[in-house]
Amino acid sequence: MPPKNKAAKNNIQDDSVSQQQVCYEGERLVRMLKSIQRGIESARVLAGNSLPEKVWLKQQFAIGVNEVTRVLERMALITDEGCSTTQSPCVRLQAILLAGDCNPKWLTKHLPMLAKSRKVPLIIVRDDKKGSLRLGELVKLKTAVAIGVKARGSDIYQVMEGILDGDELNQGAVPQLQ
């Protein structure tokens, strides 16, 4: 068996980076996660306590790499002209939150290309090997490597729209000196 060429593997991975990828670190990451947490809490209050919390979270999010992959694969492919190739499913993802500290990396290597082909923005959470812990806190789990935000008309949807547009994070931001 020939030795593995790590440089070639890294080039392949870099080529698959989507234009819709955004990486959050530091204070920007903290503001984004707090915004999402507030959106989750307010959406939960508005929904009432008719469902158990875990069931309600499953309705709002695709939690885990396998579930995010499953939902993405069921979504219609969107071509460069903006046309979809199949009939639209009942569940669409608004965005994907992906922990940057996933080990081994091949577990999530397919998600950027799937997200790009479905025109779903990918948000990478990097926090010194704590990204999966931070994502887990959002959905009341110990860790979560990938979370897909389902496109539903709730407060979570509104918060994610603000984050994707850049509005939510710019409110109250302190200018950084270089």
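The side chains of E67 and K58 meet in a salt bridge, with N and O 2.9 Å apart. A salt bridge here is a side-chain nitrogen of Lys or Arg within 4 Å of a carboxyl oxygen of Asp or Glu. This is a predicted model, so local features need pLDDT of at least 70 and side-chain atom pairs count only at pLDDT 80 or more, while totals for chains, interfaces and linings use all residues. Residues are numbered from 1 along each chain as its sequence is written, and side-chain values use heavy atoms, with hydrogens and water left out.

**Salt bridges**

- Side chains of opposite charge can pair when their charged atoms come close.
- How many salt bridges does a search of the whole structure find? It finds three.
- (Buried means under 20% relative accessible area, exposed over 50%, and partly exposed in between, using a 1.4 Å probe and protein chains only.)
- D127 pairs with R134, and their closest N and O atoms are 3.3 Å apart. D127 is buried at 19% relative accessible area, while R134 counts as partly exposed at 25%.
- K140 forms a salt bridge with E53, with 4.0 Å between the closest N and O atoms. K140 sits in the loop between α6 (131-138) and β5 (146-150) and E53 in helix α3 (residues 53-60), so this pair ties together parts that are 87 residues apart in sequence. Helices (H or I, at least four residues) and strands (E, at least two) are DSSP runs, numbered from the N terminus.
- Both ends of that pair are partly exposed: K140 at 41% relative accessibility and E53 at 37%.

- Strand β1 (residues 21-24) runs parallel to β4, and four bridges join them. (Two strands pair if DSSP finds at least two bridges between them.)
- Which residue in β4 is the bridge partner of Y24? That partner is V125.
- Strand β3 (residues 93-99) also runs parallel to β4 and is joined to it by four bridges. Here L97 stands opposite I123 in β4.
- From β3, the chain crosses through helix α5 (residues 111-117) to β4, and this β-α-β crossover is right-handed. That label applies if, with the strands pointing away from the viewer, the path from the first strand over the helix to the second runs clockwise.

- Most residues other than glycine have a negative phi, and most peptide bonds are trans.
- The peptide bond from N103 to P104 is cis, with omega near 5°, and P104 lies in the loop between β3 and α5.
- K119 has a positive phi, near 55°. Its place is in the loop between α5 and β4, and K119 is partly exposed at 37% relative accessibility.
- K140 turns up again here, with a positive phi near 60°.

**Cysteines**

- A disulfide is a covalent bond between the sulfur atoms of two cysteines.
- A search of the whole structure finds zero disulfides, counting as one a pair of cysteine sulfur atoms within 2.5 Å.
- Is C102 buried or exposed? C102 is buried, with a relative accessible area of 6%, whereas C23 is partly exposed at 26%.
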